[in-house]
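Please look through the model shown below before reading on. The paragraphs that follow go through its parts one after another.

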Amino acid sequence: MRTKTISGVNVPAALKEVGRVMGDDALVLRAHHSGEGADVVVTTADEVFRFGSLLRNSVPRRKPGRRPCVIALVGPTGSGKTTTVAKLGLSEDAFGWGRVGLISLDTYKIGALEQIQTYADVGGMPLELVRDPNEVPGVMSRYANCDTILIDTPGRTPRATAMERGWRDTLRAFEPDETHLVVSAGVRLHVAESARSDYSDLSLTHSLLTKLDEIPDEAGVAQVADQLGLPANWITDGQLVPDDLHEAPDRLMAAAFRGAVMDTRLELYG
Ligand SMILES: Nc1nc2c(ncn2[C@@H]2O[C@H](COP(=O)(O)OP(=O)(O)O)[C@@H](O)[C@H]2O)c(=O)[nH]1
Ligand SMILES: [Mg+2]
């Protein structure tokens, strides 16, 4: 969510300036005074609405006539894709209410199969490792009775373009209904931006921010979500599978506000 900081010699003066510059639309989030003067952080109702709509504006892309909903997670190595696939498959609030089939395209990372196999065993979910687009129709027919198919993928492998092309082609052959870009919430904005462009050829539909527990304040999280510019259904905030998975829009909206108003009470009443 975009905010603006307006300064004055003191808080009343800064607020007056807010009124002059922004009129009645201003929503004051934070007033901060120091030895040199005061800063007021403001946004507008339109901006709050824009950010809220971005997060929730998820268009269902369900392919007609296909029963299982196919959901793929893509993103940098270590961002939390495999753990999040497990959370989504096991959480009753996500897809754990129904039959879930797991697919891994990660034939590159050492230990990747063991990691996802462990979660598959815990949840009694079938798991298939798929290496080639030609295998896709067979897997889809074996998984025809699933409600949801979750696809785990490797991170980007920049030096191995043939491999990279391999798993990306396999993913495309699944024609996912949703492709979530998984990014650690603590990344800098330009890193989020480059993650988005690294995976833009895969028809991204959502962002999925992980590791919210690792950052000291959640203000930056809302900015990362905004930078990614995609709707968000889920966030994760810990390593507990599946408990540390939550719905994203309210959490990210709260993060935007909490970030902007943080410290206010300390400064006004402290
Ligand atoms: N603190 C924290 N760690 C997480 C979270 N999600 C995943 N991780 C950890 O991040 C590491 C990499 O996760 P992994 O799922 O293997 O990432 P991948 O390479 O994208 O598949 C593992 O140690 C996970 O336990 C989270 O929400 N919070
Ligand atoms: Mg993985």
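**From two domains to local details**

The centres of domain 1 and domain 2, taken over C-alpha atoms, are separated by 39 Å in this predicted model. Domain 1 covers residues 4-51 of the protein chain, and domain 2 covers residues 60-252.

Three strands build an open sheet, arranged in the order S1-S3-S2 with antiparallel pairing. Strand S1 (4-8) and strand S2 (26-34) each have a single partner strand and stand at the edges, so one side of each is left without a neighbour in the sheet. On average, and with direction ignored, neighbouring strands of this sheet are turned by 25° against each other. The antiparallel pairing of S2 with strand S3 (residues 37-44) runs over eight bridges, and Ser34 has Gly37 of S3 as its bridge partner.

Two helices lie across these strands. Helix H1 (residues 11-22) lies across S1, S2 and S3 and runs at about 35° to S3, whereas helix H2 (residues 45-56) lies across S2 and S3 and runs at about 55° to S3.

Helix H3 (residues 81-90) packs with helix H4 (residues 112-123) at an angle of about 10°, and their axes are 10 Å apart. Because angles under 35 degrees count as roughly parallel, H3 is described as roughly parallel to H4. On the H3 side, the contact is made by Thr82, Val85, Ala86, Gly89 and Leu90, while H4 contributes Ala112, Gln115, Ile116, Tyr119 and Gly123. Sorted by class, this contact of H3 with H4 has six nonpolar and four polar residues, with no charged ones.

Which part of the structure gives the largest share of the shell around ligand 1? That share, three residues, comes from H3. In total, 17 residues surround ligand 1, and the closest are Gly80, Lys81, Thr82, Thr83 and Thr236. By class, the residues of the shell around ligand 1 divide into 11 polar and six charged, with no nonpolar residue.

Most residues other than glycine have a negative phi, and most peptide bonds are trans. Glu175, although it is not a glycine, has a positive phi of about 45°, and Glu175 is placed in the loop between helix H6 (161-174) and strand S8 (178-184). The peptide bond from Val241 to Pro242 is cis, with omega near 0°, and Pro242 lies in the loop between strand S10 (234-236) and strand S11 (245-247).

Terms used:
Residues are numbered from 1 along each chain as its sequence is written. Chains are lettered from A and ligands numbered from 1 in the order in which they are written. This is a predicted model: local features need pLDDT of at least 70, side-chain atom pairs count only at pLDDT 80 or more; totals for chains, interfaces and linings use all residues. Axes are lines fitted to C-alpha atoms, for helices over the stretch in contact, and angles run from 0 to 180 degrees between N-to-C directions. Helices (H or I, at least four residues) and strands (E, at least two) are DSSP runs, numbered from the N terminus. Angles under 35 degrees count as roughly parallel, over 145 as roughly antiparallel, 65 to 115 as roughly perpendicular and the rest as oblique. Two residues are in contact if their C-beta atoms, placed from the backbone, lie within 7 Å. Ala, Val, Leu, Ile, Met, Phe, Trp, Tyr, Cys and Pro count as nonpolar, Asp, Glu, Lys and Arg as charged, and the others, Gly among them, as polar. Two strands pair if DSSP finds at least two bridges between them. A residue is near a molecule or strand if its C-beta atom, placed from the backbone, lies within 6 Å of it. Domain bounds come from an automatic or database domain assignment.
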